[in-house]
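Biologist: I would like to learn how to read a model like this one, feature by feature. Where do we begin?

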Amino acid sequence: LMLNVFNHRNTIDVPDADEFRPERWSAEATDYRFNHLSNGSQSCPGGPLVLLLGKAVLAQLLERYELDLREPDRDLGGSVPYMLDFFALRFAARPHPDAS
């Protein structure tokens with residue numbers, strides 16, 4: 001079992017590890033430090049499907065709803081938390097005004 005937070009937040013190897021930089025995930029070259037679904041011969045065989053479905057669900061949510069983060073209360077100008085409890089996230093959702 002590999003807890004990737006140690007790779008993702010290693011400020012020795014990744015000087016700006018505490019900054020929110022989503023472009024890290026869209027790079028053409030594979031950076032083995034950021035291995036959300038593993039890499040190489042041990043990569044997740046369902047990885048492409050996971051990414052496709054995740055993007056489709058997120059696109060539909062953002063198209064249909066306006067979301068506001070309710071919990072945890074975060075300073076958007078501050079550093080990214082070292083560990084995020086995904087189960088503690090709470091959003092308020094309201095229909096997007098342009099949604100059909």
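Modeller: Begin with the surface, keeping in mind that this is a predicted model. Val57, Leu58, Leu61, Leu62, Tyr65, Leu67, Leu69 and Phe91 make a nonpolar surface patch of about 710 Å². Two elements give two or more residues to the patch, helix 2 (47-64) and strand 1 (65-71).

Biologist: Which element gives the most to the nonpolar patch?

Modeller: Helix 2 does, with 4 residues. Leu58 is found in helix 2. Its relative accessible area is 47%, so Leu58 is partly exposed, since that class lies between the 20% and 50% limits.

Biologist: How many helices and strands are there in the protein chain, and what pattern do they follow along the sequence?

Modeller: The protein chain has 2 helices and 2 strands, and the pattern along the sequence is α-α-β-β.

Biologist: How do I read the overall dimensions?

Modeller: The protein chain has 16 Å, while a compact globule of 100 residues would have a value near 13 Å. The C-alpha trace spans about 45 × 35 × 25 Å along its principal axes. As for burial, 11% of the 100 residues count as buried. The protein chain exposes about 8,300 Å², with 59% of that supplied by carbon and sulfur atoms.

Biologist: What share of the contacts with a separation of 6 or more comes from residues 24 or more positions apart?

Modeller: Such residues account for 48% of those contacts in the protein chain.

Biologist: How many salt bridges does a search of the whole structure find?

Modeller: The search finds 2. In one of them, the side chains of Arg94 and Glu66 meet at 3.2 Å, N to O. Arg94 lies in strand 2 and Glu66 in strand 1, so this pair ties together parts that are 28 residues apart in sequence. Arg94 also forms a salt bridge with Asp68, where the closest N and O atoms are 2.5 Å apart. Asp68 lies in strand 1, so its pairing with Arg94 in strand 2 ties together parts that are 26 residues apart in sequence.

Biologist: What should I check in the backbone?

Modeller: Check the peptide bonds. Most peptide bonds are trans. Here a cis peptide bond joins Glu71 and Pro72, with omega about -5°. Pro72 is placed in the loop between strand 1 and strand 2 (90-95).

Definitions and conventions: Residues numbered from 1 in each chain as written. Predicted model: local features only at pLDDT ≥ 70, side-chain atom pairs only at ≥ 80, totals over all residues. Heavy atoms only, no water. Patch = residues over 30% accessible without salt bridge, like charges linked within 9 Å, V, L, I, M, F, W, Y side chains within 5 Å. Areas by Shrake-Rupley, 256 points an atom, 1.4 Å probe, with all protein chains shown as cover. Salt bridge = Lys/Arg side-chain N within 4 Å of Asp/Glu carboxyl O. Buried < 20%, exposed > 50% of the residue type's maximum accessible area, 1.4 Å probe, protein only. Rg over C-alpha atoms; globule rule 2.2 N^0.38 Å. Contact = heavy atoms within 4.5 Å.
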